[in-house]
Amino acid sequence: MAKIAINIATGSLQQAEMIVGIDLGTTNSLVAIIHPETKKPVALREHNSSSLVPSVIHFDENGNITVGEDAKNYLETEPQNTIFSAKRLMGKSYNDIKQNASFFTYKVIDNNDESLVKVQVGNQFYSPIDLSSFILKELKARAEHILKTPVTKAVITVPAYFNDAQRQATRDAGKLAGLDVLRIVNEPTAAALAYGLGASSNSSKGGEENSQTIAVYDLGGGTFDISILQITNGIFEVLSTNGDTYLGGDDFDRAIVKHWMEQLSIENSQLTTEVKQGLRLRAEEAKKHLSFNDAFTASFNGNDISITKEQFENLIQPLVDKTLQSCKNALKDAGLQPGDIETVVMVGGSTRVPLVKQSVSKLFGKEVNDSVNPDEVVALGAAVQADILAGNNKEFLLLDITPLSLGIETMGGLMDVLIPRNAKIPAKAGRQYTTQKDGQGSMRIAVYQGERDLVKDNRKLAEFNLTGIPGMPAGLPKVEVSFLINADGILTVKAKELRSGVEQSIEVKPQYGLTDEDVEKMLLESITHAKDDIALRALVEAKTEGEQLLATTENFLTKNTSLISKEEMMATAAAMQALQLALTMDDKNLIQTKTEELNEVTRPFAERAMDAAVGVALKGKVL
Ligand code: ADP
Ligand code: MG
C-alpha cells in the first residue's frame, strides 16, 4: 500500500506511493488503506464522522455537484436532481432496465435501443460512468484531505456477477476521476481477503494443495448477492453467484413505513413528500435500533410511532427467506451442499439484523463470520489487495502470478512464449528476432496470452509495429523484444532494433475480460489439445523453415549467378521444385526431407559465397 520513505532533508516520515482500496457501493461508498504503522486495513474517515459516503449525487440549478450525506437530504424533495443507485445503470442499456424503470425517480433516457443509458438532469445528460466518476472524485478528494497526500492509484471493487462492460465502465469512471485503476476486484473476494482467507499462512505448505470453499453473503441497501468461492493456494475462483438486484435494507425500511402508516391509519396519497422522507428516515433509524434493542418508540409529527423487534422480524421474514432461496440456488449451481461450505462471511450493512444472521447461520449449519465491520469489509479487502499490488504484502504471494503464458506471434502463426504461466510477478524476459525480407522496414509485434501453440487459439492482448528499421538484408536486423510485468500486473512490451537503436513500446493493461473460468477453460483446452498442438507446431515449423530456405535460395541465385555452375543451377532448380511441391502437402517428414535435400545441393556454393546476411537468415528466428 503506502510505501513509507524517510525524507532525508526533514527527517519526517513521507508517504511515497499511495494505493487506496475503494468500495464503490450502490448505497454507500468508502475508501480504505493499510495503516502505515499497524499494517492493518483501516477505513478512512474525517474526524468524528462516518467512513461511509452515501452514493448519492445532487445537482443544483447552477450545475454544482454535491455527493454524499448532504446530497441524500434531497432524495425526496428534489428527486429529479438527485441521483442514487447509479451503479445499477453501469454498462446497461435502457432495454436492460426497463422492467424496473419506475424504480428510478430521476430521468433515465428511453432511447429504446441497445445503446448505453444516459440520465438527464436539467438540460444536461450524464452517463452512469460520469455519475460514478463524481462519487469517485469525492472519495479521492476526501482521502487526499485525510491523508494529506495525492491519491492517484486505486483498486476498485465490483460485484462478482459484473460483466466485461460493467467492469470496463467502472475502470473508466476511475480514469475520469483522475484515478489509475490498478485492479478491479470482486467484492466477495475482497471480503474474503479482509478476513485473511487465502493467506499463505493458512494455505499450502510444502507444495500440497490447500483448498477452501467459502460463501459470501452480502445484503446491502438495495441489492443482495451470494457468492460461492473456492480458494486454492491463494487463488480465488468464483464457483457461482446468485442474488436479487432489487432486494436490500431499503425494503426493510419500506416495510416499517407501511407498518406505521397502518398504525396511524393514513394513506400514502395523504402524505407530502417531506412527511414521506421523514417517515423513511425514521424507519431506517428504527431498523438500526432494533438490531441491538427489542423495541423502538418515537413521536412523529405529534403522533406516537412504535415497532417491536418481533413485529419487525415478522415483516421482513419473507424477504430474508428470499435471500435463503438464492443461497440454495447458488449452492446448487456450484454442485455443493450447505455442509460443504467451510466459512460463511457476512457483508453489507443489512447483515447486522439479527434475524438475517441467525437465518443464514441455520441454513449453512455453522456460525457466520461477522467480526469485521460489514459496511467496511469490502473496502478493507480492497486495501489488502492494493497492498499486495504494491508488493508490500508477501503473505498472498500466490495471487501475484501470471495466470496464463505471455508471448508473441512468430512466423507461421506460432506462439513464442516469453513469460510462462505461473511466473512470479514482477517478471522480465527478452528474446531476439530478425526480419524475413530484404529491406524490411517494419516489424509487427503481436502479443498473446494463452497456452496453445498457435496464436489463433490464444487471446490477443495488443499489437504494434516497430517501424523505421533501416534497410538491411533479411536476417541482419536484430530486434530485441522484451516483456516486463510490474507489480501492478501491467505488461510493457518493448521492441528495439539493436543495430540502429530504433525502439517502440506499448503498455498492455491486464485483461479483466478474463474471468477465472476463462483462464481455466484455456488451460483445459491446452491440455486436451496438447498432442495436436505439438504435431501442428512441428508441421508449421517445418513449413516455415522450408519456405525460408526457398526464399533465401532464390534470392541468392539472382544475386550470385556468376558463382554457380550450370549443373549446380539445374540440381538446385529441381530440389526447389521438389520442396515447393512438398510444401503444398501437410506432411512434416516429407517437407523436412526435401528441405534437407535442397540444403545439400546448395551447401557447396552457399559456403563459397556465404555472406553474413544469408548465414543469419538460415539460422535465426524470423517474425
Ligand atoms: P451497499 O453495499 O448497497 O452500498 P451497505 O453495505 O452500505 O450498502 O448497506 C447499507 C444498508 O445497511 C442500508 O439499508 C442501511 O440501512 C443498512 N444498515 C446499516 N446499519 C444497519 C444496522 N445497524 N441494522 C440494520 N441495517 C443496517
Ligand atoms: Mg456493498
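Colleague: Which residue is the bridge partner of histidine 58 in β8?

Modeller: Histidine 58 has threonine 66 as its bridge partner in β8. Before going on, note that this is a predicted model, where local features need pLDDT of at least 70, side-chain atom pairs count only at pLDDT 80 or more, and totals for chains, interfaces and linings use all residues. Residues are numbered from 1 along each chain as its sequence is written, chains are lettered from A and ligands numbered from 1 in the order in which they are written, and side-chain values use heavy atoms, leaving out hydrogens and water.

Colleague: How many bridges join β7 to β8, and what is the order of the strands in the sheet?

Modeller: Strands of a sheet pair through backbone hydrogen bonds, either parallel or antiparallel. Two strands pair if DSSP finds at least two bridges between them, and strands are DSSP runs of E with at least two residues, while helices are runs of H or I with at least four, numbered from the N terminus. Here, 3 bridges join β7 (residues 56-59) to β8, and these two run antiparallel. The open sheet has 3 strands in the order β8-β7-β9. β8 (65-67) and β9 (82-84) each have a single partner strand, so one side of each is left without a neighbour in the sheet.

Colleague: Which residues have the most contacts inside the largest nonpolar core?

Modeller: A nonpolar core is a set of buried Ala, Val, Leu, Ile, Met, Phe, Trp, Tyr and Cys residues joined through side-chain atoms within 4.5 Å. Buried means under 20% relative accessible area, exposed over 50%, and partly exposed in between (1.4 Å probe, protein chains only). The largest core has 46 residues, and Ile22, Ile83, Leu131 and Leu136 have the most contacts inside it. Helix α3 (residues 128-147) gives the most to this core, with 7 residues. A second, separate core of 42 residues includes Tyr217 and Trp260.

Colleague: Which side chain meets arginine 537 in a salt bridge?

Modeller: A salt bridge is a side-chain nitrogen of Lys or Arg within 4 Å of a carboxyl oxygen of Asp or Glu. The partner of arginine 537 is aspartate 453, at 3.3 Å from N to O. Arginine 537 lies in helix α12 (residues 530-559) and aspartate 453 in the loop between β24 (443-449) and β25 (459-466), so the pair ties together parts that are 84 residues apart in sequence.

Colleague: Is aspartate 453 buried or exposed?

Modeller: Aspartate 453 counts as buried, at 16% relative accessibility.
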